[in-house]
Structures are given as C-alpha cells and as structure tokens.
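Dear colleague,

Please find the structure below, handed over for your files. My notes on it follow directly after.

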Amino acid sequence: MAASLSSLVTDILNASIEAVNCVTPNLFRPSAPRVTTAPVEQTELGVLIGITGDVKGRLFISTSADAFAAIGKIMYGVDLNGEMVKSFASEFTNMIAGHMVRLADGLQMDISPPTTLDGETKLYGFSRAIMVPLQSDSIGTVNLALILENV
Amino acid sequence: MVCSITPAERAVGEGTHVAKILITDDAAFMRMMLKNVLTEGGHEIVAEATNGREAVEMYDAHQPDVVILDITMPEMDGIQALQALKASHPQVKVIMCSAMGQQDMVIKAIQSGARSFIVKPFQKEKVLEEVAKCV
C-alpha cells in the first residue's frame, strides 16, 4: 500500500513539474521536492486551486507580485500591475493546474476556479504538503506546493 | 465611387470577415489578452462575460457571431454554458479556450457542439485562425 501511494504522489508531482514547463518552457528549474507538515507560508501573493477526482487536494503557487508580473511579461509581452497582476497570477496557476490534470496519466481529476490570496498568510488544515521551489535566473523563486489528502 | 469598407474590415484585409465576439473568462487578465488579440485582428468585442451564466444571458442581448468560452469558471462552467447555448441557439458558434486540455474534456466539448478547442496558453495566430473558420 505504501509503495502504491508513493507512486501516486510521484505521478502528480511529475505532472505538476511537467505542467510548469508546458506553460513556461525552459523558464524554471525545479529544486528537490521536500515534504512538510508545517503550515505553508505565503509572503505576498498566492493562488490556491482545488483538485478533485481520483486525487483530492490543492495546488498552491506563491511568489511576489513582481515575480508574477515578470512571468506575465515573458509569456505575453505585457506590463502588468495592480489588480491585473493578481488576475494573471490566478490564470497562471489555473494553466499549470489544467496542464497537470492533462499530464497525470491514468488519473481522472478536475480543478476548481482559483482563489487568490493577497498578503502574508499561512495555509493550515492538512497533514502534509510537498513543496517544490521553482528557480529562475530572471524571475527568482516561485513556490509550488501540492497539498494532497489521504496519500 | 463611395468606399463601403469599414475601418475594421480594412484593418483585417480583403477576404477576411469581421466577427462580433463574446469573450467569456473569469480572469480579467485573460479577457484583456483575448480582447487585444481579437481587436488587433480586426474583430469586434461586443461583450465580456465572467462566467457561463453571464455568457448565456449576454448571447441573447448581443447576438455575437462567435462565443469564446473558458471552462473552469464559477456559477456555471464553460461546458454547461455551451450546452445551454446549444439548446436554445443550435446555430451558435463556440470556441472553447481553456487550460483543461485533456482528451476527454476536448471530446466532451466537441460532442457538446463546440467548433474548436484552444488550449491555454494560446498562440495569437491560433485564436485568429479559429475565429476565421467560424465566420
């Protein structure tokens, strides 16, 4: 049972990382994933998306507003600020979640509309999360967290 | 001789039809990007909806040539909106534009009556190509 659960987590994790590369080719280098039981912290701006189906949980992506704006500039060639940065952050996370669902072979999943979290906050209420810092020379660090239930 | 070509038609070029388009996406950023691409392509955005329910309401009010629908939206998702539009207006031309590009979702959208499916992040040329096929 333990082996099959680990395999499921690995599949979702790999799909998430592959999704980041689909949405932003060659922009980020994922650091080694780590498991945490501590609350997931956000310092400035983050987006939470619910995952349902064969796997239940949440995908959470957070970084600075400036980093999200820089990603938007690279992807679409537009300067973003204010509320439009938050909207882009929401859409960026939505795209990653959507591609993750497509890439998670053999798993039937769906995603919820995104929830944007603005400012310093912490996420509680889960047993463990898998953290994957995404590094970019031009952007800095974007934090991806997978909070999966019962796995 | 009086020239009857509108500025929009002139911008698009000979042989290209200008479409009246309803954009539906809960993300203001995505509505902005689609609007930019489509207006630069010479088309007219007649309305913007933030969810499927608004799209269905706005279709009746604005009678667009083409509806662009996201899938994951609050209140009414894009598939539900597509089905509602098709039920009341079988001739409606809908292009899905979503990050949910897995095979069964694309099949579901096409079987529900969508003309085509664009996966986000989209290429500008793809959006304009799919709109052109509709008009």
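A contact here means heavy atoms within 4.5 Å. Among contacts in chain B between residues at least 6 apart in sequence, 63% join residues at least 24 apart.

Please note that this is a predicted model, in which local features need pLDDT of at least 70 and side-chain atom pairs count only at pLDDT 80 or more, while totals for chains, interfaces and linings use all residues. Residues are numbered from 1 along each chain as its sequence is written, chains are lettered from A and ligands numbered from 1 in the order in which they are written, and side-chain values use heavy atoms, with hydrogens and water left out.

Chain B

Six helices and five strands make up the secondary structure listed for chain B; helices (H or I, at least four residues) and strands (E, at least two) are DSSP runs, numbered from the N terminus. Along the sequence, their pattern is α-β-α-β-α-β-α-β-α-β-α. Of the 135 residues in chain B, 48% are buried, where buried means under 20% relative accessible area, exposed over 50% and partly exposed in between (1.4 Å probe, protein chains only).

B:Thr50 is found in the loop between β2 (44-49) and α3 (52-62). B:Thr50 counts as partly exposed because its relative accessibility is 28%. Beyond its neighbours within four places in sequence, B:Thr50 touches B:Asp25, B:Asp26, B:Arg31, B:Met73 and B:Pro74. B:Pro74 is 24 residues away from B:Thr50 along the chain, and their C-alpha atoms are 8.4 Å apart.

Aromatic pairs

Rings of Phe, Tyr and Trp (its six-membered ring) pair if their centres lie within 6.5 Å; planes under 30 degrees apart count as stacked, over 60 as edge-to-face and the rest as tilted. By this rule there are six aromatic pairs over all chains. One of them is the edge-to-face pair of A:Tyr76 and A:Phe88, with 6.4 Å centre to centre and 80° between the planes. This pair links distant parts of the chain, 12 residues apart: A:Tyr76 belongs to helix α2 (residues 65-76) and A:Phe88 to helix α3 (residues 83-103) of chain A. A:Tyr76 is buried, at a relative accessible area of 14%, and A:Phe88 is buried at 0%.

A:Phe88 also forms a stacked pair with A:Phe92, at 5.8 Å centre to centre and 25° between the planes. These two residues are separated by about one helical turn, because they stand four residues apart in helix α3 of chain A. A:Phe92, like A:Phe88, is buried. One aromatic cluster is formed by A:Phe68, A:Tyr76, A:Phe88, A:Phe92, B:Phe29 and B:Phe122.

Yours sincerely
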